[in-house]
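Biologist: Please take a close look at the disulfides in this model and what surrounds them. One connected account will do.

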Amino acid sequence: MENIQNLPKHQQQQLEQHLVNSQVKDSLSMYMNLVERCFDTCVHNFRTKSLDKYESKCLENCSTRYIKTANRVGLRFQEHQALQMKRAQEQMVSAGAAGGGFSGK
């Protein structure tokens, strides 16, 4: 992340805007998947304009489970990434201590 600070100001702004756009796109995609999955699972009766009690409860439970699962997966992914970064740093430190760096040969 420190390399971002070395970019010219306009490129930093472009990168930040790209990241924001990407996050919005991911959020909308998750929301659309939630709506599609829960609607297909819970709503089967189109004889009335409103949802019945079963459909409402089913949609509430489905959306809650979907969001909890998405959050849990996100947390596990962050934990996995942190572990991978730690291992990579440990390998760099041990390689530096063992060999004294790159010899260029």
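Modeller: C58 is buried, since its relative accessible area is 15% and the cut-off for buried is under 20%. The model is a predicted one. C58 is joined by a disulfide to C42, with an S to S distance of 2.0 Å. C42 lies in helix α2 and C58 in helix α3, so this pair ties together parts that are 16 residues apart in sequence. The torsion about the S-S bond of C42 and C58 is -70°, which makes the link left-handed. C42 counts as buried because its relative accessibility is 1%.

A search of the whole structure finds 2 disulfides. Besides the link of C42 and C58, there is one between C38 and C62, with the sulfur atoms 2.1 Å apart. C38 belongs to helix α2 and C62 to helix α3, so the pair ties together parts that are 24 residues apart in sequence. This link is left-handed, with -85° about the S-S bond. Both C38 and C62 are buried. With the bonded cysteines of the protein chain numbered in sequence order, the pairing reads 1-4, 2-3.

Next, the surroundings. S63 lies in helix α3, which covers residues 53–99. Leaving aside neighbours within four places in sequence, S63 is in contact with C38 and L34. A polar atom of the S63 side chain lies 3.0 Å from the backbone oxygen of E60.

On the surface, Y31, M32, V35, F39 and F46 form a nonpolar patch, with about 540 Å² of accessible area together. Of these, M32 lies in helix α2, residues 9–42.

Methods. Residues are numbered from 1 along each chain as its sequence is written. This is a predicted model: local features need pLDDT of at least 70, side-chain atom pairs count only at pLDDT 80 or more; totals for chains, interfaces and linings use all residues. Side-chain values use heavy atoms; hydrogens and water are left out. Patches are made of residues with over 30% relative accessible area and no salt bridge: like charges are joined within 9 Å, nonpolar side chains (Val, Leu, Ile, Met, Phe, Trp, Tyr) within 5 Å. Accessible areas come from the Shrake-Rupley method with a 1.4 Å probe; for residues, only the protein chains shown count as cover. A salt bridge is a side-chain nitrogen of Lys or Arg within 4 Å of a carboxyl oxygen of Asp or Glu. Helices (H or I, at least four residues) and strands (E, at least two) are DSSP runs, numbered from the N terminus. A polar contact is a pair of N or O atoms within 3.5 Å; within protein, one must be able to donate a hydrogen and the other to accept it, and residues adjacent in sequence count only if both atoms are side-chain atoms. Contact means heavy atoms within 4.5 Å. A disulfide is a pair of cysteine sulfur atoms within 2.5 Å. Buried means under 20% relative accessible area, exposed over 50%, partly exposed in between (1.4 Å probe, protein chains only).
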